[in-house]
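Let's take a friendly walk through this structure, with an eye on its aromatic side chains. Have the sequence and the 3D view open as you read.

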Amino acid sequence: MQSVDLTTLIASCCELRQDWIPARLEQVYQRDRFTISLGLRTLKRRGWLDISWHPQAARICMGDPPPRVPDTFTFSDQLRHQLGGLALVEIQQIDPWERILDLQFSQRPGDSPLWHLYVEIMGKYSNVILTGADNSIVTAAHQVNIQQSSVRPILTGQPYELPPKLTEPIPSLNEAQSRWQERVSLIPSALKQQLLKNYRGLSSGLVLSMIQAANLDPTQPTNSLTSEDWNQLFKSWQTWLKTLENYHFCPYYTSKGYDIIPWNLETVSDVKSIQILLNTYYTNQLNHQEFQQLRHQVSQKINNVLTKLRVKADQFIQRLQQSDEADEYRAKADLLMAFLHEWKPGMKEILLPDFETGEPVKIALNPENNAVWNAQNLYKRHQKLKRARIAVEPLLNEVKTEINYLEQVESAISLVETNKTAEDLQTLAEIREELIQQGYINIPDYRSSNSPSSIEFYRYQTPNNFEVLIGRNNRQNDQLTFKVATDYDLWFHTQEIPGSHVLLRLSAGQAADDIDLQFTANLTAYYSRARQSEQVPVIYTKPKHVYKPKGSKPGMVIYKQETVIWGNPHQAKILL
């Protein structure tokens, strides 16, 4: 993930000062443990200023409105208490070559600042610190005690101190090319490393773009550059410094992230503002990161639980197979009791004719005991195995039900392979919340939401323009089947295969043609665990014939009066 460097920070602040100073601070909301949003109002507009101290995505830019969920963080509560209703009157850099901003708040524009909100955009050391007019720390997003850093502790009540000053030379437009070239090429080494080591204000991404604009290789040694190479590189260097001096930034996306420097005359901005660029890029990157972590978390948990449940089911099946021998033990005991006269002391086995077939039956005996004792022992084994069946059968059914449920969840996860839309991330978040509620994932102090799913169903149109709705997860499946469905609709599901609930929407008097039924069946097969198969059995019935057993888990239903149709998931994939 590309980090916000000094150049990007200057560009963002330039836009913020132009469009949002002064502004009234109306609200403070903390989105997560790394990001706060300040609700600002000017004479022309309202917006949310996002300030993040995320280790990989620290930034300051205008963002989207926060979600409508309670804010439970204490840091935002302290900011709200101290800054609420004040005016944001200035955003300035502490030092032109430092990534530290001072957001100043006062009663009205023109007054002396009452509060300073210092925003330090410094990678994993990023922080947001509130101080009073006397510069003493009131609160901080991340407090640093003396054990964590003896160089610069950050604690409430102490005076705010700037980080240690950088020692590298400051870039200047007035520096001659010969002096600049001498400094960069003093030690023969990789071009990228030499630029980064010899000047402050540079970042890895900026230097790479600068070198690529000069058509050079960042890994090539400095002593291999020709005079023309140095001229082209110095031209890129000057382009960067002139952009900083004139504030003529040009935000655009690149194959590896984004850039704001117009390295050549052909550079065209494909983004309206730097605020939109930063908000879109980091929102997408963080959502993708969260999506991958979330998918891995729930997939791994389900795989682990399913593995254990399948082992348990196999053990129960083995015990039931053993209990199938119960009648055999009773039959042998009956034979032994009927032919007691055939027994002789010391016998280890005895052959007796079967009652029905007359075939000889071999019965193992304990030579130390008599025939009656051996028969009673066989009766006891018969009773024990019979009791085992009575005890094991409900346990096996319970395990099978749990396996079916988790396979249903697993199927829903498999349908969300990549983070293409905001609904994909929300789908996984709801699946995780469902697993938390069902006790499969334990997160201390997690506050579950029982509100209905807020994301859209998958929506499609049949050849005759009937709407098809498909649930993204079990919460949506229940909502679709028991809240959305009407008596005129048709409910689809793969037969005895985990998959999504599917609804073919019909109005009174309407009837679906075979082409519509087949289209919906193909979609149902595609959104199931059997999506790689050639043909999949699919059932459909009226929603009134679908029931949720008492105490059953989300998404689990039983149905009756169904009709079977074969779905082709590959046809659905082609159509999609």
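How many aromatic pairs does the structure hold? In this predicted model, the count comes to 19 aromatic pairs.

Let's begin with two tryptophans. The ring centres of tryptophan 237 and tryptophan 240 lie 5.3 Å apart with their planes at 65 degrees, so this pair is edge-to-face. Both residues belong to helix 6 (residues 227–246), where being 3 residues apart puts about one helical turn between them. Tryptophan 237 is buried, with a relative accessible area of 1%, and tryptophan 240 is buried too, at 0% relative accessibility.

Next comes a pair of tyrosines. Tyrosine 258 and tyrosine 281 have ring centres 5.0 Å apart and planes at 75 degrees, so they also count as edge-to-face. Tyrosine 258 sits in strand 11 (residues 258–259) and tyrosine 281 in helix 7 (residues 274–323), so this pair ties together parts that are 23 residues apart in sequence. Are these two tyrosines buried or exposed? Tyrosine 258 and tyrosine 281 are both buried.

| Ring pair | Distance between centres | Angle between planes |
|---|---|---|
| Tryptophan 237 and tryptophan 240 | 5.3 Å | 65 degrees |
| Tyrosine 258 and tyrosine 281 | 5.0 Å | 75 degrees |

Ring pairs can also join up. Trp237 and Trp240 belong to a cluster linked by ring pairs, together with Trp97, Trp180, Tyr199, Trp230 and Phe234.

The ring of tyrosine 458 has the charged end of arginine 472 over it, 4.1 Å from the ring centre. Likewise, the charged end of lysine 553 sits over the ring of tyrosine 405, at 5.4 Å from its centre.

Now let's step back to the whole protein. The protein contains 13 helices and 21 strands. Its radius of gyration is 36 Å, well over the 25 Å that the globule rule gives for 576 residues, so the protein is more spread out than a compact globule. Along the principal axes, the C-alpha trace spans about 120 × 70 × 55 Å.

What share of the 576 residues is buried? Buried residues make up 47% of them. Of the contacts with a separation of 6 or more, 57% are between residues 24 or more positions apart. As for the surface, the protein exposes about 30300 Å², and carbon and sulfur atoms supply 48% of that area.

Note on methods: Residues numbered from 1 in each chain as written. Predicted model: local features only at pLDDT ≥ 70, side-chain atom pairs only at ≥ 80, totals over all residues. Heavy atoms only, no water. Phe/Tyr/Trp six-rings, centres within 6.5 Å; stacked < 30°, edge-to-face > 60°. Helix = DSSP H or I, 4+ residues; strand = E, 2+ residues; numbered from the N terminus. Buried < 20%, exposed > 50% of the residue type's maximum accessible area, 1.4 Å probe, protein only. Lys NZ or Arg CZ within 6 Å of the ring centre and 35° of its normal. Rg over C-alpha atoms; globule rule 2.2 N^0.38 Å. Contact = heavy atoms within 4.5 Å. Areas by Shrake-Rupley, 256 points an atom, 1.4 Å probe, with all protein chains shown as cover.
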